[in-house]
Amino acid sequence: MAGLALLPWEWGNGFKESGKPSEDTSLALPALDASCHLTGSTPVKGLTGRMQRTVELPSPAGTGVSVFGWSEAEVFGSADASHRDFADTRAGAKRCPAYTDDASGDRFSGVHEVKAPSVAGADEVYAEEGTGVFVLADGKKSDPLPYVLLVARKGEVTFDVYADIDDGRGIAAARTYAGEAMRTLAIKF
């Protein structure tokens with residue numbers, strides 16, 4: 001599992017680990033409830049292994065983070081279980097175009113599916129874009145930041161890549177970072 005999630009250098013020059021810990025192998029994950037709140041930690045049906053790594057690209061001035069991202073690999077007991085989880089991700093965006101992460105206080109809006117890029121070897125690919133307002137370490141909130149989430153499924157494995165941008169370059173830069181990260185992950189399929 002550890003070899004499937006991207007290391008900081010695989011995202012590009014200057015990226016480093018983000019958060020403590022920067023790796024997460026939990027098999028219980030937050031889920032969107034009926035009122036569009038990301039709550040609790042719920043075991044994911046059929047999930048047998050998971051690795052997520054978070055990264056950041058410090059701003060050139062050294063005063064914050066220019067790009068935040070994560071990559072994740074989830075292994076399921078069957079391709080059907082992986083497909084169900086993939087479909088649940090897609091359905092969440094349709095059901096909840098705005099939601100709040102109850103654990104962090106982060107708020108997401110404008111959540112919508114977009115045309116997914118082609119990913120070599122994938123059985124299914126999903127792309128989502130939106131805006132996040134994040135609670136920072138000092139308790140203040142970030143400005144609204146554009147983000148991109150890409151999900152590719154190959155058999156019983158699902159690969160996710162997320163990137164948000166905080167340096168004014170906008171959604172196009174988030175697409176570029178997420179797309180490059182997914183292309184790097186696809187080599188590992």
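Before anything else, I noted the term I need: a salt bridge is a side-chain nitrogen of Lys or Arg within 4 Å of a carboxyl oxygen of Asp or Glu. This is a predicted model, so I kept in mind that local features need pLDDT of at least 70 and side-chain atom pairs count only at pLDDT 80 or more, while totals for chains, interfaces and linings use all residues. Residues are numbered from 1 along each chain as its sequence is written, and side-chain values use heavy atoms, with hydrogens and water left out.

**Entry 1: salt bridges**

How many salt bridges does the structure hold? I found ten.

I started with K188 and E10, whose side chains meet in a salt bridge at 3.2 Å, N to O. This pair links distant parts of the chain: K188 sits in the segment after helix 3 (171-186) and E10 in helix 1 (residues 8-11), 178 residues apart. Helices (H or I, at least four residues) and strands (E, at least two) are DSSP runs, numbered from the N terminus.

Next I checked accessibility, where buried means under 20% relative accessible area, exposed over 50%, and partly exposed in between (1.4 Å probe, protein chains only). K188 counts as partly exposed because its relative accessibility is 27%. E10 has 16%, so E10 counts as buried.

Then I looked at E72 and R50, which form a salt bridge at 3.0 Å, N to O. E72 lies in strand 6 and R50 in strand 5 (residues 47-58), so the pair ties together parts that are 22 residues apart in sequence. Are E72 and R50 buried or exposed? Both are buried. I also saw that D24, R50 and E72 are linked in a network of salt bridges.

The side chains of E113 and R90 meet at 2.9 Å, N to O, in a salt bridge. E113 is in strand 8 and R90 in helix 2, 23 residues apart. E113 is partly exposed, at 31%, and R90 is partly exposed too, at 26%.

**Entry 2: the two sides of helix 2**

I stayed with helix 2 (residues 79-95). Which of its residues are buried? I listed A81, S82, D85, F86, G92 and A93.
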